[in-house]
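Cut-offs are given where each term is first used.

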Amino acid sequence: MLKALKHQVNVLESVATSSFSAWRGCLVVAAVPQPEKPLVLYDIEACPFCRRVREVLTALHLDVEIRPCPKGGRVFRREAEALGGKQQFPLLHDLNTGDVLYESGAIIEYLFRQYADRPVPRYYQGRPWQTALGVAGSGASELRGMRARSGQRPAEGLHLWSFEGSPFSRLVRERLCESEIPYTLHNLGKEHWTEVGPARQRIKPGAYQPIPGGKRDAFFQKHGRVQVPYLEDPNTGEALFESSRILNYLETTYG
């Protein structure tokens, strides 16, 4: 009972985090083609600058390989330093071009220019007050996803279907970051304003039908619904919806 109550409190905190970010990272701005090779993001989930980059990855519908680098982490921080020369995050490595970039503003500009062939939209441009709001958003979630915790790590990376503004998905990403578990982040942002709202009660009434041919449509055809978070673990064959079930699974399996 207490565990369930704590989970609901964490969900409300995560809603506050999304609110401080003005719910960026929910709607797709331009569904660009996936590049041939992966994008790799060395990331701290609770870092407001990393959050800005993940918001844009959702806006562009781009998948990314997440290499969690929480404070006190020992798995990917040295790898990131060897790649870029310092332990600073976010750090993006584009295997398609060989580019290695620090600084959220530079990464955001690069992603829109390289993959959408357009300047950064006003909604995703940096503003002087965004840092303060971003820090407040991280504080609202008790800085979960900031520091490493002990536990087991899988032989293969996991797969998480998510979008940045999803409060439920954030809880799973926080745990994966703390546990330094690498994963492929499959962005499944909302492709039309009628998809706004929870999976079971969207703005548009009636049966849900995603835009044909999109990433959400492909997910819908496979699973019969579009709901995040959704986790697949190739190490065990487990596949789970619902944040509470996923968190219990990660705790039981990886500590």
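Leu160 stands opposite Leu231, a residue of strand E7. The model is a predicted one, in which local features need pLDDT of at least 70 and side-chain atom pairs count only at pLDDT 80 or more, while totals for chains, interfaces and linings use all residues. Residues are numbered from 1 along each chain as its sequence is written, and side-chain values use heavy atoms, with hydrogens and water left out. Helices (H or I, at least four residues) and strands (E, at least two) are DSSP runs numbered from the N terminus; two strands pair if DSSP finds at least two bridges between them.

Strand E5 and strand E7 (residues 230–233) run antiparallel and are joined by 3 bridges. E7 is also joined to strand E8 (residues 238–241), by 4 bridges and again antiparallel. In that pairing Glu232 stands opposite Ala239 of E8. The hairpin of E7 and E8 has 4 residues between the strands, and Gly237 takes a positive phi near 85° there.

## Strands E1 and E2

E1 and E2 run parallel, with 4 bridges between them. Tyr42 stands opposite Arg67 in E2. Because 5 of the 5 residues of E2 are buried, E2 is largely enclosed by the rest of the structure. Here buried means under 20% relative accessible area, exposed means over 50%, and partly exposed lies in between (1.4 Å probe, protein chains only).

In a regular strand the side chains alternate between the two faces of the sheet. From E2, Val64, Ile66 and Pro68 point one way, Glu65 and Arg67 point the other way, and all are buried.

## Nonpolar cores

A nonpolar core is a set of buried Ala, Val, Leu, Ile, Met, Phe, Trp, Tyr and Cys residues joined through side-chain atoms within 4.5 Å. The largest has 38 residues, and Leu111 and Leu250 have the most contacts inside it. At least two residues of this core come from each of strand E1 (39–43), helix H2 (48–59), strand E2 (64–68), helix H4 (104–116), E5, H6, strand E6 (183–187) and helix H8 (243–254). H4 gives the most to this core, 7 residues. Apart from this core lies another, of 13 residues, among them Cys50, Ala80, Tyr102 and Met146.

Contact means heavy atoms within 4.5 Å. Not counting residues up to four places away in sequence, Leu250 touches Leu158, Val172, Arg175, Leu176, Leu231 and Gly255.

Leu171 is found in helix H6 and is buried, with a relative accessible area of 5%. With residues up to four places away in sequence not counted, Leu171 touches His7, Asn10, Val11, Ser14, Arg144 and Leu247.

Glu164 sits in the loop between strand E5 (158–162) and helix H6 (167–178). The relative accessible area of Glu164 is 2%, so this residue is buried. The side chain of Glu164 makes a polar contact with the side chain of Arg173 (3.1 Å). A polar contact is a pair of N or O atoms within 3.5 Å; within protein, one must be able to donate a hydrogen and the other to accept it, and residues adjacent in sequence count only if both atoms are side-chain atoms. Beyond four places in sequence, Glu164 touches residues including Arg51, Arg54, Arg170 and Asn187.

Asp63 lies in the loop between H2 and E2 and counts as buried at 18% relative accessibility. A polar contact of 2.7 Å joins the side chains of Asp63 and Lys215, and the Asp63 side chain also reaches the backbone nitrogen of Asn187 at 3.0 Å.

## Cavity and pocket

On a 1 Å grid over the protein atoms alone, a cavity is a set of points where a 1.4 Å probe fits but cannot get out; a pocket is an open set with protein on both sides within 12 Å along at least five of seven lines, and lining residues have an atom within 4 Å of a point. Grid points are joined across faces, edges and corners, and a volume is the space filled by probe spheres set on the points. The whole structure holds 1 cavity of 30 Å³ or more. The largest cavity contains about 50 Å³ of space, and its lining includes Glu45, Arg51, Arg144 and Arg170.

The largest pocket contains about 690 Å³ of space. It is lined by 33 residues, of which Phe163, Pro167, Lys190, Gly197 and Pro198 lie nearest its centre. Helix H1 (2–20), H6 and H8 each supply at least two residues of this lining, and the largest share, 3 residues, comes from H1.
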